[in-house]
Amino acid sequence: MIFASLVGVNNHSQTVLFACAFLSDERTESFIWLFELLKESMPTNNPKMIITDQDPAMTKAIAQSLSNTFHRYCSWHILEKFSTYLNAIIYRNFYKDFQQCIWESECLEEFERKWVTTIEKASLYDNDWLKSIFEIRSRWVPAYVNHIFSAGISSSQRAESFHAFFKKYVSKKNLLMDFILRFNRALAHQRHEELRADHINIKEKPILKLPLEMEKQMAGIYTRKIFLEFQDELWHSLLIMPQLVRENATHKMYMVESSSNEGVSRVREIAYDKVLNYASCTCKKFESEGIPCRHILAFLRLFGNIPLLNQYIMNRWTRVAKSQIISDKQSIEISGKCSSMLMWQAKLFQLASEVIDKAITNEEAIIVNDGLQSLLDKIKSVVSNMKSGCISEKGPHKMRKIINKHRNLNLKLIVLLLQVCMRKLRDDPWVC
């Protein structure tokens, strides 16, 4: 059987598994079955974009099952084939020109002009493969697809790296039940990394570099990984000064000049809609990645030291992205153990931090320390009993006895912490 996985990114930009299945073959009908199940499991909408290789059966299935989803071909797979379809000398002399044409063109006209120029320079008029990928350019060239959100992903390499990660846990020799156990262990590792990133968000505050209100604001809204990317764009925006070139009753047009990491200067356009109070840039970074580009940030600074406006904050990159209520097609709330555990973790960590902050400079610190140590010992005792099988269906009765026995501690906090431990054991029994 063929193991098919559908992966994406979470609010920390970490690769996560969305869904997976075993397929008996790679026919169109099998992919249709997979995508139909995917649609049933998604609460409201189809995915905005799906990235695959150029498999014809999968292409046909996506067109039929995910008609409202933009199907993008993996850029990496296409670029890898240049060395196959170009002879060694032409590849050595002109591959960089093709790369520059593909990755640095920001509009359709620019790409097509550079493509034709490169074809002429390399005398590749009769190369059928280049003709074929040019005909499907609207499915893989960034200039054609960057208007659709893709979380900054342009290839299926995340899926490839995800497969490499899972191969550390499973192999073709595994029996089905053994595979499931090993697969769950790999998923537990993935979830642990996600919880670790959530913990860092709660515990650590990023270092601010600028006296700007929007930097301070977004340090508390974005996840750490996304904030660092935003901070880099904000830093580079200081070198940019938008110039007004024309204006009418409803719109303003600005020109900005900035340099790339290679030091190449480039001019971009910012269109500002007065009615919608919204600015868009020709680089399309916000549309494709969900993070405001340095050009838009430079434009917003024209209004003074203001916070970042809501229309430029994408919820899926925020710390609370997973805390919202999600409903299915029948408007029934969908709850998950993982999200529940994350919410408890955040609440308990915040509560513990407040207790420590209030007690650390007072004599009460000793009392708090002794109380927490005693509480920790009792939780360890409960966890040990659960592992040894002492707590099963009668577990709640035993917990009540423990709580009644130690009334000198905060009863509510004990209950919450015990519930967290029980959830942790049920979800990830090997982590304790």
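S288 is buried in this predicted model, with a relative accessible area of 5%. Buried here means under 20% relative accessible area, so S288 falls inside that class with its 5%. The residue sits in helix α13, which runs over residues 285-289. Its side chain reaches the backbone oxygen of K284 at 2.9 Å. If you set aside residues up to four places away in sequence, S288 touches N146, I148, F149, S150, A151 and G152.

One of those partners, I148, leads us to another part of the chain. Leaving aside neighbours within four places in sequence, K48 is in contact with T69, F70 and I148. K48 belongs to the loop between α1 (28-41) and β3 (49-52). From K48 to L66 there are 18 residues along the sequence, and the C-alpha atoms of the pair are 9.5 Å apart in space.

Let us step back for a moment to the whole chain. The protein chain has 18 helices and 10 strands. Of its 432 residues, 40% are buried. Which share of its contacts joins residues at least 24 apart, among those between residues at least 6 apart in sequence? That share is 56%.

L234 gives a local example of a pair separated in sequence. L234 and P292 are 58 residues apart in sequence, with their C-alpha atoms 8.8 Å apart in space. L234 lies in helix α12 (residues 224-237) and is buried, with a relative accessible area of 0%. Its contacts, leaving aside neighbours within four places in sequence, are with L210, L212, M214, E215 and L297.

Now for some helix packing. Two packed helices are described by the angle between their axes and the distance between the axes. Take α5 and α6 to begin with: their axes come within 9 Å and cross at roughly 175°. Angles over 145 degrees count as roughly antiparallel, and α5 and α6 are therefore roughly antiparallel to each other. On the α5 side, the contact is made by I90, F94, D97, F98, Q100, C101, I102 and E104. On the α6 side, E110, F111, K114, W115, T118, I119, K121 and A122 take part. By class, the residues of this contact divide into 9 nonpolar, 2 polar and 5 charged.

Next comes the pair α6 and α7, whose axes come within 13 Å and cross at roughly 180°. These helices are therefore roughly antiparallel to each other too. The contact brings together F111, E112, W115 and I119 of α6 with L130, I133 and F134 of α7. Its residues divide into 6 nonpolar, no polar and 1 charged. F111, W115 and I119 of α6 take part in the contact with α7, and these residues of α6 also take part in the contact with α5.

The loop between α6 and α7 holds S123. Phi of S123 is near 55°, a positive value in a residue other than glycine. S123 counts as exposed, at 52% relative accessibility. S13 is in the loop between β1 (2-9) and β2 (15-23). Is S13 buried or exposed? S13 is buried, with a relative accessible area of 15%.

Finally, look along α7 itself. At its start, a side-chain oxygen of N127 reaches to within 3.1 Å of the backbone nitrogen of W129. Which residues of helix α7 (residues 128-135) are buried? They are W129, L130 and I133. These residues cover an arc of only 100° around the axis, which puts them on the same side of α7. An α-helix has 3.6 residues a turn, so residues three or four places apart point the same way. On the other side of α7, D128 and E135 are exposed. The cover over the buried residues of α7 includes α3 (75-80), α4 (82-85), α5 (88-104) and α6 (108-122).

Notes. Residues numbered from 1 in each chain as written. Predicted model: local features only at pLDDT ≥ 70, side-chain atom pairs only at ≥ 80, totals over all residues. Heavy atoms only, no water. Buried < 20%, exposed > 50% of the residue type's maximum accessible area, 1.4 Å probe, protein only. Helix = DSSP H or I, 4+ residues; strand = E, 2+ residues; numbered from the N terminus. Arc of directions from axis to C-beta. Contact = heavy atoms within 4.5 Å. Polar contact = N/O pair within 3.5 Å; in protein donor to acceptor, adjacent residues only side chain to side chain. Axes fitted to C-alpha atoms, helices over the stretch in contact; angles between N-to-C directions. Parallel < 35°, antiparallel > 145°, perpendicular 65-115°, else oblique. Nonpolar A, V, L, I, M, F, W, Y, C, P; charged D, E, K, R; others polar.
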